[in-house]
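Dear colleague,

I am passing a structure on to you below, and after it I set out what was found in it. Please keep it open beside this email as you read.

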Amino acid sequence: MALSQKLHEAFKGAVERITSPWTVSAFKEKGVLSVTEFILVGNNLVSKCSTWSWESGEPSKIKSYLPSGKQFLITRNGK
């Protein structure tokens, strides 16, 4: 892993520890989804487009405010 990537991961981790996830919609103002919006939009995306799916990810990176099977979205080349 490159030094710049390690620094980015460390910075991101520090910010996540001192800030809480968005609970109120700020998409129009800041372009940021709340946790609820993220899950709703992700569910809609997965249901409408078969190349997208929810993933649980690495256990060490699980966020407690997200459902265990919905930690992040991934798209795969559909054929």
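**Helix α3 and what covers it**

What covers the buried residues of helix α3 includes β1 (52-55) and β2 (72-75), where contact means heavy atoms within 4.5 Å, and where helices (H or I, at least four residues) and strands (E, at least two) are DSSP runs, numbered from the N terminus. Before going further, please note that this is a predicted model, in which local features need pLDDT of at least 70 and side-chain atom pairs count only at pLDDT 80 or more, while totals for chains, interfaces and linings use all residues. Residues are numbered from 1 along each chain as its sequence is written, and side-chain values use heavy atoms, with hydrogens and water left out.

The buried residues of α3 are Val-35, Ile-39 and Gly-42, buried meaning under 20% relative accessible area, exposed over 50%, and partly exposed in between (1.4 Å probe, protein chains only). Seen down the axis of α3, these buried residues fall within an arc of 65° (taken from the directions from the helix axis to the C-beta atoms), so they line one face of the helix. An α-helix has 3.6 residues a turn, so residues three or four places apart point the same way. On the other side of α3, Thr-36, Leu-40, Ser-47 and Lys-48 are exposed.

**The loop residue Gln-71**

Gln-71 lies in the loop between β1 and β2, and it is buried, with a relative accessible area of 10%. A polar atom of its side chain lies 3.1 Å from the backbone oxygen of Leu-66. If residues up to four places away in sequence are not counted, Gln-71 touches several others, among them Phe-38, Trp-54 and Glu-55.

**One salt bridge**

A search of the whole structure finds one salt bridge, that is, a side-chain nitrogen of Lys or Arg within 4 Å of a carboxyl oxygen of Asp or Glu. The side chains that meet in it are those of Glu-55 and Arg-76 (3.3 Å, N to O). Glu-55 lies in strand β1 and Arg-76 in the segment after β2, so the pair ties together parts that are 21 residues apart in sequence. Glu-55 is partly exposed, with a relative accessible area of 23%, and Arg-76 is partly exposed too, at 46%.

**Confidence**

The mean pLDDT (the predictor's confidence in each residue, from 0 to 100) of the protein is 85, and 89% of its residues reach 70 or more. Among the elements of the protein, β1 has the highest mean pLDDT (96), whereas helix α1 (residues 3-18) has the lowest (75).

With best wishes

How values were computed
A polar contact is a pair of N or O atoms within 3.5 Å; within protein, one must be able to donate a hydrogen and the other to accept it, and residues adjacent in sequence count only if both atoms are side-chain atoms.
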